[in-house]
Every structure is written in C-alpha cells, then in structure tokens.
Amino acid sequence: MSPARRAAVLGSPIAHSLSPVLHRAAYAELGLTGWTYDRFDVDEAALPGFLDGLGPEWAGLSLTMPLKRAVIPLLDEISETASSVDAVNTVVLHEDGRRTGDNTDIPGMVAALAEHGIEKVDSAAVLGAGATASSALAALARICTGEIAVYVRSEARAAEMRQWAERLEVGIRVADWADAEQALRAPLVVATTPAGTTDALAAAIPERPAALFDVLYDPWPTTLAARWSAYGGAVVSGLDLLVHQAVLQVEQMTGRAPAPVNVMRRAGEHALAERRDTP
C-alpha cells in the first residue's frame with residue numbers, strides 16, 4: 001500500500017465539483033491506494049486558517065472560485081503561468097512546508113485543443129470577458145499566430161480584456177457582443193460565457209464551421225455545441241479542459257506521470273451521465 005497522503009478541492013460553492021471523481025480515478029489507476037481526495041467548502045475568509053491547519057500528510061490542493069486569487073499572498077512561490085493571469089488553481093504542499101502555486105487551466109486548454117488536432121491557428125475569437133476569458137487569452141497566446149477578436153457586453157469588460165492582452169503580449173480586437181455572430185467564422189471560437197448565454201448564436205453557425213471550444217460541461221452539450229457538431233465542426237468541451245487541467249494537477253501532486261487521461265475522462269463522463277439521470 002502507498003503511504004497515506006491527502007489532497008482536496010476547495011471553493012465555495014463546491015458540491016458540484018467533478019475534481020474528486022477525476023483525481024480518485026487517477027489514484028486508483030496509478031495504484032496510489034493510500035491517497036484520498038476530498039472537497040471542502042472554503043471561502044476567502046476561511047482560506048488562511050484552512051491552510052494553516054493542514055498537516056504533513058497533505059500533498060496538494062485544487063482551487064476554484066473564489067480562491068484563485070485570494071490564495072496568492074498565502075503562498076511561498078507561484079509559477080510564471082499563474083502569475084501571468086493572477087490566478088492559481090493548483091497548490092503543491094512540500095515536505096519542507098513550502099506552498100507553491102501553479103495554473104494548470106492554461107496548459108490544460110492547450111492540451112485539450114491539441115488532443116483534437118488544434119495546435120496552431122492563424123486567428124481566433126473569444127466569447128466573453130470573465131476570469132476564464134483571461135486564461136483563454138493566455139492559452140491562445142501559445143497557439144494563435146494572428147489576431148484574437150474578443151466579444152464583450154460592456155466597455156468595462158473591454159478595458160479589462162485590453163489590459164490582459166497587453167500583459168500577455170497578445171494582439172486583440174475588442175468587439176461588441178451585438179456582433180458576436182461574426183465570431184463564429186473564426187478558425188477557433190472559444191466560448192467562456194455562462195450557460196445559456198450563447199444559445200441565441202446557434203442559428204448563425206456557418207455551413208462549414210471550423211472549431212469550437214466551449215468551456216461548459218454541465219449541462220452538455222450546449223445549444224451552440226450541439227448545433228456546431230451537427231454542422232460538422234470540431235467541438236472541444238469543458239470536460240476536455242477539466243480532465244487535462246486535472247491530469248497536470250495529479251502529476252504535480254503525486255510526482256507520477258503520465259496521469260491516466262482516458263481513465264479520468266471516462267470517470268468524468270460517467271459522473272455527468274449519473275447527474276443527468278438523477279431526478
């Protein structure tokens with residue numbers, strides 16, 4: 001039996017998180033029988049006390065909202081990737097007591113796209129301007145050789161995205177959400193908006209769409225993703241992203257690589273199917 005080690009996902013709310021399903025599936029496949037992975041509802045105010053209460057058996061933490069920025073002052077070091085978007089979703093707890101932070105969302109996006117054969121594009125479009133959109137910009141900075149069009153609802157959001165683009169050193173063109181139908185002609189469309197936001201765009205999908213990366217996974221498929229797929233376009237889902245960012249977390253926390261991506265995906269698909277079947 002492997003040594004008893006602990007990991008968990010923190011956030012608020014957290015009951016919906018699929019992270020325990022993915023990480024536990026990886027531990028089982030890797031033979032890490034002494035490892036456990038739980039979820040804890042922790043908000044920004046409770047985070048410092050939670051971290052201070054962790055014992056030496058703890059190996060790492062996954063973080064979701066609202067903790068991705070709140071954790072940064074509590075860490076000893078963060079990676080360049082995390083620093084680029086001021087967001088940490090992965091904390092590795094070292095034997096010497098150090099806490100280091102990383103962001104696996106960005107390379108997770110790149111890996112999810114690559115798995116679907118999308119490794120370079122000459123332009124792209126981003127729908128939305130929230131926290132996920134900044135990670136999308138950072139991911140696109142690695143694979144997009146040309147302009148990125150960003151469709152937003154307000155001037156305040158437009159200003160935020162311009163700031164991120166300058167910081168990430170990527171060229172963007174900010175456009176009004178009223179013109180979002182134009183985004184669907186791009187070689188790669190990244191939808192980062194909440195459920196239902198892009199439903200009205202589905203009727204405007206071109207006859208031969210290219211690639212859509214919709215970061216949602218529950219409910220799935222979104223109206224946009226379903227219509228996109230029906231028209232023959234490539235679709236990358238939020239589950240693809242969730243799995244690939246979790247793969248990197250497992251590798252960092254356990255020191256075991258490669259993590260079993262297909263096993264983790266099947267576990268996630270099964271859990272989502274059970275949710276859909278539950279009244």
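**Entry 1: the loop between α8 and α9**

I began with P258, which lies in the loop between α8 and α9, taking helices (H or I, at least four residues) and strands (E, at least two) as DSSP runs numbered from the N terminus. A cis peptide bond joins A257 and P258, and I read an omega of about 0 degrees there.

Before going on I noted that this is a predicted model, in which local features need pLDDT of at least 70 and side-chain atom pairs count only at pLDDT 80 or more, while totals for chains, interfaces and linings use all residues. Residues are numbered from 1 along each chain as its sequence is written, and side-chain values use heavy atoms, with hydrogens and water left out.

**Entry 2: α8 against α9**

α8 passes α9 in a right-handed crossing, the term for a near helix turned clockwise from the far one by less than a right angle, with anticlockwise being left-handed.

Which residues of α8 and α9 make the contact? With contact meaning heavy atoms within 4.5 Å, I listed L239, D240, V243, H244, A246, V247 and V250 from α8, and V261, M264, R265, G268, E269 and L272 from α9. The residues of this contact divide into 8 nonpolar, 2 polar and 3 charged, where Ala, Val, Leu, Ile, Met, Phe, Trp, Tyr, Cys and Pro count as nonpolar, Asp, Glu, Lys and Arg as charged, and the others, Gly among them, as polar.

**Entry 3: α1 against α9**

I followed α9 to another partner, helix α1 (residues 19–30), which packs with α9 at an angle of about 140 degrees, the axes being 8 Å apart. That makes α1 oblique to α9, and α1 passes α9 in a right-handed crossing. On the α1 side I noted V21, L22, A25, A26 and E29, and on the α9 side V263, M264, A267, G268 and A271. By class, this contact has 8 nonpolar, 1 polar and 1 charged residues.

**Entry 4: the open sheet and its helices**

I next traced an open sheet of 6 strands in the order β9-β8-β7-β10-β11-β12, with parallel pairing, where two strands pair if DSSP finds at least two bridges between them. Its edge strands are β9 (172–176) and β12 (234–236), each pairing on one side only, and neighbouring strands are turned by 20 degrees against each other on average, direction ignored. Strand β8 (residues 148–152) and β9 pair over 5 bridges in the parallel sense, and within that pair I found Y151 opposite A175 in β9.

Helix α4 (residues 105–115) lies across β10 (188–191), β11 (211–214) and β12, running at about 140 degrees to β11. Helix α7 (residues 223–230) also packs on the sheet, touching β10, β11 and β12, and its direction makes about 155 degrees with that of β11.

**Entry 5: strand β3**

Is strand β3 enclosed or open? I found 6 of the 6 residues of β3 (residues 58–63) buried, so the strand is largely enclosed by the rest of the structure; buried means under 20% relative accessible area, exposed over 50% and partly exposed in between, with a 1.4 Å probe and protein chains only. Strand β1 (residues 5–11) pairs with β3 in the parallel sense over 5 bridges, with R6 opposite W58. Strand β5 (residues 90–93) pairs with β3 in the antiparallel sense over 3 bridges, and there T90 is the bridge partner of S62.

Most residues other than glycine have a negative phi, and most peptide bonds are trans. Against that background I noted the cis peptide bond between M65 and P66, with omega about 10 degrees; P66 is found in the loop between β3 and β4 (77–78).

I also noted D86, which has a positive phi of about 50 degrees although it is not a glycine. D86 is found in the loop between α3 (80–85) and β5 and is partly exposed, with a relative accessible area of 28%. E169, in the loop between α6 (155–168) and β9, has a positive phi near 60 degrees, and at 73% relative accessibility E169 counts as exposed.

How values were computed: Axes fitted to C-alpha atoms, helices over the stretch in contact; angles between N-to-C directions. Parallel < 35°, antiparallel > 145°, perpendicular 65-115°, else oblique.
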